[in-house]
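Could you walk me through this model, from its overall build down to the backbone details? Here is a friendly tour.

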Amino acid sequence: MQPPILVEQVMRTNVNVIDPCASLKDALTMMRDRKVHSLIVEKNYEYDAYGIITNTQILQKILAEDGDIELINVYDVYSKPVFSVSAKIDIRHAAKIMLNHNIKRVAVTDNNELKGVLSTTDLTKYLISLLE
């Protein structure tokens with residue numbers, strides 16, 4: 001039997017993080033510049049939880065309130081806590097969590113510290129690499 005593939009072997013470690021007090025304009029600019037669809041939102045204090053903000057959440061907020069993206073902050077929109085998994089678990093367990101909760105990405109943490117992000121795209125790329 002082969003050893004399990006761990007989340008830390010598949011996750012991305014270059015995590016895009018934003019401050020909860022940043023404006024939605026800042027968040028959208030960062031997403032555009034880094035070509036991503038979501039950002040992890042920093043903790044407010046040591047034992048706090050990380051959050052996540054997606055381009056879909058931003059769009060919904062702007063359309064719902066006809067808002068000014070310079071006046072609305074990330075903390076007005078983001079989801080908290082973000083689903084998270086340990087870097088040391090089998091990717092099959094992480095994938096099951098993502099499928100069961102219909103989420104596209106999870107934060108990867110170790111002792112409540114952010115280590116990376118695992119997305120359905122990362123899982124798909126990994127599966128494709130096994131076929132090559």
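What follows goes from the whole chain to its sheet, its last helix and a few individual residues.

This is a predicted model, in which local features need pLDDT of at least 70 and side-chain atom pairs count only at pLDDT 80 or more, while totals for chains, interfaces and linings use all residues. Residues are numbered from 1 along each chain as its sequence is written, and side-chain values use heavy atoms, with hydrogens and water left out.

**The whole chain**

The protein chain has five helices and six strands. Both kinds of element are DSSP runs (helices: H or I, at least four residues; strands: E, at least two), numbered from the N terminus. Along the sequence, the elements of the protein chain come in the pattern α-β-α-β-β-α-β-α-β-β-α. The C-alpha trace spans about 55 × 35 × 25 Å along its principal axes.

Of the 132 residues in the protein chain, 40% count as buried. Here buried means under 20% relative accessible area, exposed means over 50%, and partly exposed lies in between (1.4 Å probe, protein chains only). The protein chain exposes about 8,400 Å², with carbon and sulfur atoms supplying 52% of that area. These areas come from the Shrake-Rupley method with a 1.4 Å probe, and for residues only the protein chains shown count as cover. Among contacts (heavy atoms within 4.5 Å) between residues at least 6 apart in sequence, 59% join residues at least 24 apart.

**Strands and the sheet**

Three strands form an open sheet in the order S4-S5-S6, with mixed pairing. S4 and S6 stand at the edges with a single partner strand each, so one side of each has no neighbour in the sheet. Neighbouring strands of this sheet are turned by 40 degrees against each other on average, direction ignored. Such angles are taken between axes, which are lines fitted to C-alpha atoms (for helices over the stretch in contact), and run from 0 to 180 degrees between N-to-C directions.

Two strands count as paired if DSSP finds at least two bridges between them. S4 and S5 pair in the parallel sense over three bridges, and Ser 84 stands opposite Ala 107 in S5. Helix H4 packs on the sheet, touching S4, S5 and S6, and its direction makes about 70 degrees with that of S6.

Elsewhere, strand S1 (residues 17-18) and S2 run parallel and are joined by two bridges; Ile 18 stands opposite Val 41 in S2. Both faces of S2 are covered: Ser 38 and Ile 40 are buried on one side, Leu 39 and Val 41 on the other.

Strand S6 also holds Ser 119, which is buried at a relative accessible area of 6%. Ser 119 and Arg 105 are 14 residues apart in sequence, yet 4.1 Å apart in space, C-alpha to C-alpha. Leaving aside residues up to four places away in sequence, Ser 119 touches Arg 12, Met 98, Lys 104 and Arg 105.

**Helix H5**

Helix H5 (residues 120-131) has 12 residues and reaches 17 Å from its first C-alpha to its last, close to the 16 Å expected at 1.5 Å a residue. That expected span is 1.5 Å times one less than the number of residues. The buried residues of H5 are Asp 122, Leu 123 and Tyr 126. They cover an arc of only 100 degrees around the axis, which puts them on the same side of H5; the arc is that of the directions from the helix axis to the C-beta atoms. These buried residues pack against helix H1 (7-10), H4 and strand S6 (113-119). On the other side of H5, Lys 125, Leu 127 and Leu 131 are exposed.

**Backbone details in loops**

Most residues other than glycine have a negative phi, and most peptide bonds are trans.

A cis peptide bond joins Lys 80 and Pro 81, with omega about 0 degrees. Pro 81 sits in the loop between helix H3 (55-65) and strand S4 (84-86).
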